[in-house]
Amino acid sequence: MGKGVTRVESALRVVLTGDVAPPDSLSVCPSVERIVGLLQGADITFGNIEAAVSLRGAPVEKLYHMRVTPSALDVLIQMGFTVMSVANNHTLDYGLDAFADTLSLLRQKGILPVGGGQNLGEAWQPVIRSCRSCGRLMY
């Protein structure tokens, strides 16, 4: 190894996915079950929650609306997700109350939301995540 380079014995395992709109149960979506093993066990599993997570709100005026029930977050936990972006075109599909539910429910389940908040100050706050092999990461 070169001068000033430290060898790290344990590697940080990060899994990055794209849009996720989970079903209420993994059993209704057998194709998802095949990728669960790839997602679980990572230090960080990052996705984009492409839906409002709420039972509240009415559809805003637009062509397509995405919403999942709060129980769908249990599927995200089973899959191993630890961080979810809420910066997309569907988290506000059912208004601000549903967006507030999305943020709150993600946090209650231990999934860190990133890219949005109740106000600009919260939205711009970095998200810091501790992990077993790296110490801390910031988003």
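The legends below describe close-up views of one predicted model.

Residues are numbered from 1 along each chain as its sequence is written, and side-chain values use heavy atoms, with hydrogens and water left out. Because the model is predicted, local features need pLDDT of at least 70 and side-chain atom pairs count only at pLDDT 80 or more, whereas totals for chains, interfaces and linings use all residues.

**View 1. Overall layout of the chain.** The chain has four helices and eight strands, where helices (H or I, at least four residues) and strands (E, at least two) are DSSP runs numbered from the N terminus. From the N terminus on, these elements follow the order β-α-β-β-β-α-β-α-β-α-β-β. Of the 139 residues, 38% count as buried; buried means under 20% relative accessible area, exposed over 50%, and partly exposed in between, with a 1.4 Å probe and protein chains only.

**View 2. The open parallel sheet.** Four strands, in the order β1-β2-β5-β6, form an open sheet with parallel pairing, two strands being paired if DSSP finds at least two bridges between them. The edge strands, each pairing on one side only, are β1 and β6 (112–114). From one strand to the next the twist averages 25 degrees, with axes taken as lines fitted to C-alpha atoms and angles running from 0 to 180 degrees between N-to-C directions. Strand β2 (residues 44–49) is joined to strand β5 (residues 83–85) by three bridges, and F46 stands opposite V83 in β5.

**View 3. The largest nonpolar core.** This core has 24 residues, and those with the most contacts inside it are I49, L76, M79, F81, M84 and L106; a nonpolar core is a set of buried Ala, Val, Leu, Ile, Met, Phe, Trp, Tyr and Cys residues joined through side-chain atoms within 4.5 Å. The elements giving two or more residues to the core are β1, α1 (30–39), α2 (72–79) and α3 (95–108), and α2 gives the most, with five residues.

**View 4. The salt bridge between D101 and R56.** A search of the whole structure finds four salt bridges, each defined as a side-chain nitrogen of Lys or Arg within 4 Å of a carboxyl oxygen of Asp or Glu. In one of them the side chains of D101 and R56 meet at 2.9 Å, N to O. The pair links distant parts of the chain, with D101 in helix α3 and R56 in the loop between β3 (52–53) and β4 (67–68), 45 residues apart. D101 is buried, at a relative accessible area of 17%, whereas R56, at 39%, counts as partly exposed.

**View 5. The salt bridge between K109 and D74.** The closest N and O atoms of K109 and D74 are 2.6 Å apart. Because K109 lies in the loop between α3 and β6 and D74 in helix α2, the pair ties together parts that are 35 residues apart in sequence. K109 is partly exposed, with a relative accessible area of 35%, and D74 is partly exposed, with 36%.

**View 6. The salt bridge between R107 and E122.** The side chains of R107 and E122 meet at 3.2 Å, N to O. R107 belongs to helix α3 and E122 to helix α4 (residues 120–124), 15 residues apart, and the pair links distant parts of the chain. R107 counts as partly exposed at 42% relative accessibility, and E122 is partly exposed with a relative accessible area of 27%.
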